[in-house]
Amino acid sequence: MKVSLFYEFPLPRPWSDDDEHKLFQDGLDEVEAADKAGFSTVWLTEHHFLEEYCHSTAPEIFLAAASQRTKDIRLGFGIMHLPPAVNHPARVAERVSTLDLISNGRVEFGTGESSSVGELGGFGIDPADKRTMWEEALEVSIRCMIEEPFTGFKGQHIEMPPRNVVPKPLQKPHPPVWVACTRPASVQMAAQRGLGALSFAYTGPGPLTERVNGYYKEFEENGAPVTPQMNPNILAIGGDLSMMVAPTDEQAVERLGMGGGFFAFGIMHYYMTGMHTPGRTGVWKRHLEEIEKDPTIVYGPGRGPIGSPATVREFLRGYEESGVDELIVLLTPRTHDATMESIELMGKQVLPEFIDRDEKAVAEKAKRLEPIIEKAEARRQPSKAPAFDESYAFGGLPTGRENYTANEVSLAMDEMNAGIEQAAAKLKSGEGWDSRNPTADRK
């Protein structure tokens, strides 16, 4: 089982002018430390308008910066929203490919639909359309990564003419593709399509075994890949609280502080029961009010990878026994210093045994899945991508309604050409340019 970090970049109020700057700078230090410690992947979510709960709105920017400070840790979108009103599929392909190139092929392409009223409403997305949008956008974005040129698409929500989308990713034919799953039915859907399942619902090790077995059973019996490269893997979330490792259990609980449980509270607030006034509602304040009613929501080993190295090792072993391929541990509001020590302790005293066992498990799994993947490949449906029309071409000035022409570039070119002609005429007449006095002409 791989062990990875999951970031949302929560930022409780009250805020000072430098808080967001420090949040991201501290995050880069932590990811660099996580790379040295042996964490498998850093997964970074994408959310919009969910103040205090998540300030990660442009994950590719942070991951790009992290790629230059790390060597081995993989860089995961957990997830990128695919509805085209949020991210056009051509832009998805461009950004994922660019990150894959500058990271030397370390991208994990996690995808999803979005589920909060803040985001769906903010971008004018009808919740009834989001699954179809995801399906279309996934197809188009992957095709944009691999086709030269992309031959075009006309669907219910996306219409795009042929274009050669550049650059192309380093991983061929494309980075591993995942989809966010919060229900058993969505885990089953991921298996049917040959996609990795980002199972973000907290179930605990016991029920997780059933979910893992169900994923691989569905993949074996009904898997029919929708992407050129399959990714039969299932990931789970480790507990409902933040990771915090310290020399003793008591110190870990103390260092976790009031941040424990904020992830779950934020989900309830933004996705289910809360009412939010932008820029006004105090989400952290409401979280603290709930803690006053029930202090146990933030405390205790067993609720997550919280405690001494020995306690956390035992916690993780329970998940390893479930058969899950990868476990993500959360980083909710906490102090940077405590997190850095937590990551260091994980690297020195917890992760090595899991890394050793995972290397063997990956090899055994690959051999076991060989015939299953072959059967899934045989169920692949033929591509519906249109053939490229070799006579197709585009050019000229963009024109629109009421004979509008976007002629800014042509006017700029006219001006530039006039300048070139004027300079050429001066040279022809014997005039020159004085390098000591560039503003003056000389004869």
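Predicted model: local features only at pLDDT ≥ 70, side-chain atom pairs only at ≥ 80, totals over all residues.
Colleague: What is the volume of the largest cavity?
Modeller: The lining of the largest cavity includes Phe 6, Tyr 7, Phe 262 and Phe 263. The volume of the largest cavity is about 60 Å³.

Colleague: Which elements give two or more residues to the lining of the largest cavity?
Modeller: Among the lining residues are Phe 6 and Tyr 7, as well as Phe 262 and Phe 263. The elements that reach two or more are strand S1 (2–7) and helix H9 (262–272).

Colleague: How do the residues of that lining divide into nonpolar, polar and charged?
Modeller: Glu 8 and Thr 332 are part of the lining, and so are Pro 10, Tyr 53, Leu 330, Leu 331 and Pro 333. The division is 9 nonpolar, 1 polar and 1 charged.

Colleague: How far apart do the C-alpha centres of domain 1 and domain 2 lie?
Modeller: The domain assignment gives domain 1 as 2–379 and domain 2 as 395–442. The C-alpha trace of the protein chain spans about 85 × 55 × 45 Å along its principal axes. The distance between the two domain centres is 51 Å.

Colleague: Where does Thr 405 lie, and is Thr 405 buried, partly exposed or exposed?
Modeller: Thr 405 is in the loop between helix H12 (336–378) and helix H13 (408–428). Not counting residues up to four places away in sequence, Thr 405 touches Leu 397, Pro 398 and Thr 399. Because its relative accessibility is 29%, Thr 405 counts as partly exposed.

Colleague: How far apart in space are Thr 405 and Ser 141?
Modeller: In sequence, Thr 405 and Ser 141 are 264 residues apart. Taken C-alpha to C-alpha, their separation in space is 30 Å.

Colleague: Which cysteine has the sulfur nearest to that of Cys 181?
Modeller: The structure holds 0 disulfides. Cys 144 counts as buried because its relative accessibility is 0%. Cys 181 is in no disulfide, and the nearest cysteine sulfur is 19 Å away, that of Cys 54.

Colleague: Which strand holds Ser 199, and what is the relative accessible area of Ser 199?
Modeller: Ser 199 is found in strand S9, residues 196–199. Ser 199 is buried, so its relative accessible area falls under the cut-off, at 0%.

Colleague: In which helix is Asp 358 found, and why does Asp 358 count as buried?
Modeller: Asp 358 is found in helix H12. Aside from neighbours within four places in sequence, Asp 358 is in contact with Met 1, Lys 2 and Asp 325. Asp 358 counts as buried because its relative accessibility is 10%.

Colleague: What percentage of the residues of the protein chain count as buried?
Modeller: The protein chain has 13 helices and 15 strands. Of the contacts with a separation of 6 or more, 75% are between residues 24 or more positions apart. Of the 443 residues, the buried share is 47%.

Note on methods:
Residues numbered from 1 in each chain as written. Heavy atoms only, no water. Helix = DSSP H or I, 4+ residues; strand = E, 2+ residues; numbered from the N terminus. Buried < 20%, exposed > 50% of the residue type's maximum accessible area, 1.4 Å probe, protein only. Contact = heavy atoms within 4.5 Å. 1 Å grid on protein atoms, 1.4 Å probe; cavity = no way out; pocket = protein on both sides within 12 Å on 5 of 7 lines; lining within 4 Å. Points joined across faces, edges and corners; volume = space filled by probe spheres on them. Nonpolar A, V, L, I, M, F, W, Y, C, P; charged D, E, K, R; others polar. Domains from an automatic or database assignment. Disulfide = S-S within 2.5 Å.
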